[in-house]
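Have a look at the picture, then read on.

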2 protein chains.
Amino acid sequence: MTTNQLIEQIQKKQSFLCIGLDVDLNKIPKHLLKEDDPIFAFNKAIIDATHHLCVAYKPNTAFYEAYGIKGWKALEKTINYLNKNHPEIFTIADAKRGDIGNTSTMYAKAFFEDLSFDSVTVAPYMGKDSVEPFLAFKNKHTILLALTSNAGAFDFQTKMVNDMEVYKQVLETSKTWQNSENLMYVVGATKAEYLADIRKIVPDSFLLVPGVGAQGGNLQDVCKYGMNDSVGLLINSSRGIIYASNDQDFAEAAAKKAEDLQLQMKQIIS
Amino acid sequence: MTTNQLIEQIQKKQSFLCIGLDVDLNKIPKHLLKEDDPIFAFNKAIIDATHHLCVAYKPNTAFYEAYGIKGWKALEKTINYLNKNHPEIFTIADAKRGDIGNTSTMYAKAFFEDLSFDSVTVAPYMGKDSVEPFLAFKNKHTILLALTSNAGAFDFQTKMVNDMEVYKQVLETSKTWQNSENLMYVVGATKAEYLADIRKIVPDSFLLVPGVGAQGGNLQDVCKYGMNDSVGLLINSSRGIIYASNDQDFAEAAAKKAEDLQLQMKQIIS
């Protein structure tokens, strides 16, 4: 998918909501555990109920890997279901990968070719030659961790290097990499005021913003500091939407939570 | 596996060799492609030919994920084969994972419980609460990226923060984390002289050292600067061993290359 197609979707749906599909078998409604593939059954119901309210879905690969081959199959079925029924929706493999050059190419093939995701999240620690193999894929997007939403973000990301925090070094340096136009960035919502500085470095890039809701981030603040002319934001909510109810009505309850956010977004865009 | 069991193996085999199982279907002998599971067939032959010469095997997960469910099955068969036939060998899932707390727990379950690896490599960018979930597993080991062997290591890892490089900050900070005795570190062999400084910070920890051979690192230099009283090193070689030949004799050729390294190690230890 091209960035312009994503922007068109945002305008059409008046939404920049991304729904995180972090499926934990201990948290989904009990009645689904009788299904052949409870993880996919849960995802399908959530997708069917929310696809008109969001522009992106983001399965976090950890939740699938934890169930081994069964989990990997559920991930494959989920992305295939999305690509077949909702090809206009932007898909994010939240995998936080990164390795030396030839190995990163294998990861890129796993997510861009084997699973046909539109994008993948990547960790920056190993630098340029660990990220450029992902950037080489046309119309695929690499979402680089810059400033994450967890407490540990302050361990290294915010440390000062030559009067500039490490996460800003990551932003600045990444702009010099080949095919850097295929970059987006992860920026946690729990530090909304940091977004003003971030926008000075990457004014045009899309930012994937986790941490609204369960982790305490505020939608209005994120938009105030982080929005650009094309919106330029994907606001992720996972637990706050998909676990709104763990009863028979879980999909409708998720849709209600998603709609609450979409209506706020509509008001902000217009 | 406990650290003492690993040290005993090193003494017994007079080896601190780790063999990287980075299986690329374009590089393995053509005759194996006729097998039901060429990846596992290749790994099994390499393991059968080399298990007496090494103390660890390290499949890099990228090479398995690139083949989707087939690849994940081959990874599962490989670790099961190792745990059943060679339980004394230390196993490393080279996965370079890392995510916020509850999600890192899912990754830890994937590699420590579902796949029963002894250890997993983890990226430090997201800090304490992204690593501690791995450290909570008893007799399992978390191998934290400190200084990697690729060119991109100089993009962020060697940048100075308060008179100390980022990778040294990672080492120092990680020592304060809960269950830090379960930490080991990745330190690239291409920067052997850095090991002297690293040993000042983590004198007793095991270091997993990639980059000997194909990437230009020198075994003697690594041992000179990095060895401690318990050896404290796992020297990894992947391509240099497993692709020594791509003909019918590939397993014997791999064993020959592994033996060359093991004999050098024996001489260094004694």
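Glu132(A) sits in helix H6 of chain A, which runs over residues 128-135. Keep in mind that this is a predicted model. Is Glu132(A) buried or exposed? With a relative accessible area of 19%, Glu132(A) is buried, because the cut-off for buried is under 20%. If you set aside its neighbours within four places in sequence, Glu132(A) is in contact with Trp177(A) and Gln178(A). For a sense of distance, take Glu193(A): it is 61 residues away from Glu132(A) in sequence, and the two C-alpha atoms are 29 Å apart in space.

Now hop over to chain B and its own helix H6, again residues 128-135. This helix is mostly covered, with six of its eight residues buried. Which residues of H6(B) are buried? They are Ser130(B), Val131(B), Glu132(B), Pro133(B), Phe134(B) and Leu135(B). The cover over them includes strand E3 (90-97), helix H5 (101-114) and strand E4 (119-122) of chain B. Strand E5 (141-147) and strand E8 (183-187) of chain B are also among what covers the buried residues of H6(B).

Back in chain A, helix H8 (residues 166-174) is mostly covered too, with eight of its nine residues buried. The buried residues of H8(A) include Val166(A), Tyr167(A), Val170(A) and Leu171(A). Lys168(A), Gln169(A), Thr173(A) and Ser174(A) are on the list of buried residues in H8(A) as well.

Lys191(A) is in the loop that links strand E8 (183-187) and helix H9 (194-201) of chain A. Its relative accessible area is 5%, so Lys191(A) is buried. What is Lys191(A) in contact with, leaving aside its neighbours within four places in sequence? The partners are Leu147(A), Thr148(A), Ser149(A), Asn150(A), Ala153(A) and Phe154(A). Phe111(A) is 80 residues from Lys191(A) along the chain, and their C-alpha atoms are separated by 29 Å.

In chain B, Ser205(B) lies in the loop between helix H9 (194-201) and strand E9 (207-209). Ser205(B) is buried, at a relative accessible area of 17%. Apart from neighbours within four places in sequence, Ser205(B) is in contact with Leu183(B), Tyr185(B), Arg199(B), Asn228(B) and Gly232(B).

Most residues other than glycine have a negative phi. Lys96(B), which is not a glycine, has a positive phi near 50°. Lys96(B) is part of strand E3 of chain B and is buried, with a relative accessible area of 7%. Asn179(B) is not a glycine either, and its phi is positive at about 65°. You will find Asn179(B) in the loop between helix H8 (166-174) and E8 of chain B. At 28% relative accessibility, Asn179(B) counts as partly exposed.

Here are some of these residues side by side.

| Residue | Relative accessible area | State |
|---|---|---|
| Glu132(A) | 19% | buried |
| Lys191(A) | 5% | buried |
| Ser205(B) | 17% | buried |
| Lys96(B) | 7% | buried |
| Asn179(B) | 28% | partly exposed |

What about cysteines? A search of the whole structure turns up zero disulfides over all chains. Cys18(A) is in no disulfide, and the nearest cysteine sulfur, that of Cys54(A), is 7.5 Å away. Cys18(A) is buried, at 0% relative accessibility, and Cys54(A) is buried with a relative accessible area of 0%.

Finally, step back and look at chain A as a whole. It has twelve helices and ten strands. The radius of gyration of chain A is 18 Å, close to the 18 Å that the globule rule gives for 270 residues, so the chain is as compact as a globular protein of that length. Along its principal axes, the C-alpha trace of chain A spans about 55 × 45 × 35 Å. Buried residues make up 64% of the 270 residues in chain A. Of the contacts in chain A between residues at least 6 apart in sequence, 74% join residues at least 24 apart.

As for charge, chain A has 28 positive and 32 negative charges, and their mean positions are 2 Å apart.

Terms used
Residues are numbered from 1 along each chain as its sequence is written. Chains are lettered from A and ligands numbered from 1 in the order in which they are written. This is a predicted model: local features need pLDDT of at least 70, side-chain atom pairs count only at pLDDT 80 or more; totals for chains, interfaces and linings use all residues. Side-chain values use heavy atoms; hydrogens and water are left out. Helices (H or I, at least four residues) and strands (E, at least two) are DSSP runs, numbered from the N terminus. The radius of gyration is taken over C-alpha atoms; the globule rule is 2.2 Å times the number of residues to the power 0.38. Buried means under 20% relative accessible area, exposed over 50%, partly exposed in between (1.4 Å probe, protein chains only). Contact means heavy atoms within 4.5 Å. Lys and Arg count as positive and Asp and Glu as negative; His and the chain ends are not counted. The place of a charge is taken as NZ of Lys, CZ of Arg, CG of Asp or CD of Glu. A disulfide is a pair of cysteine sulfur atoms within 2.5 Å.
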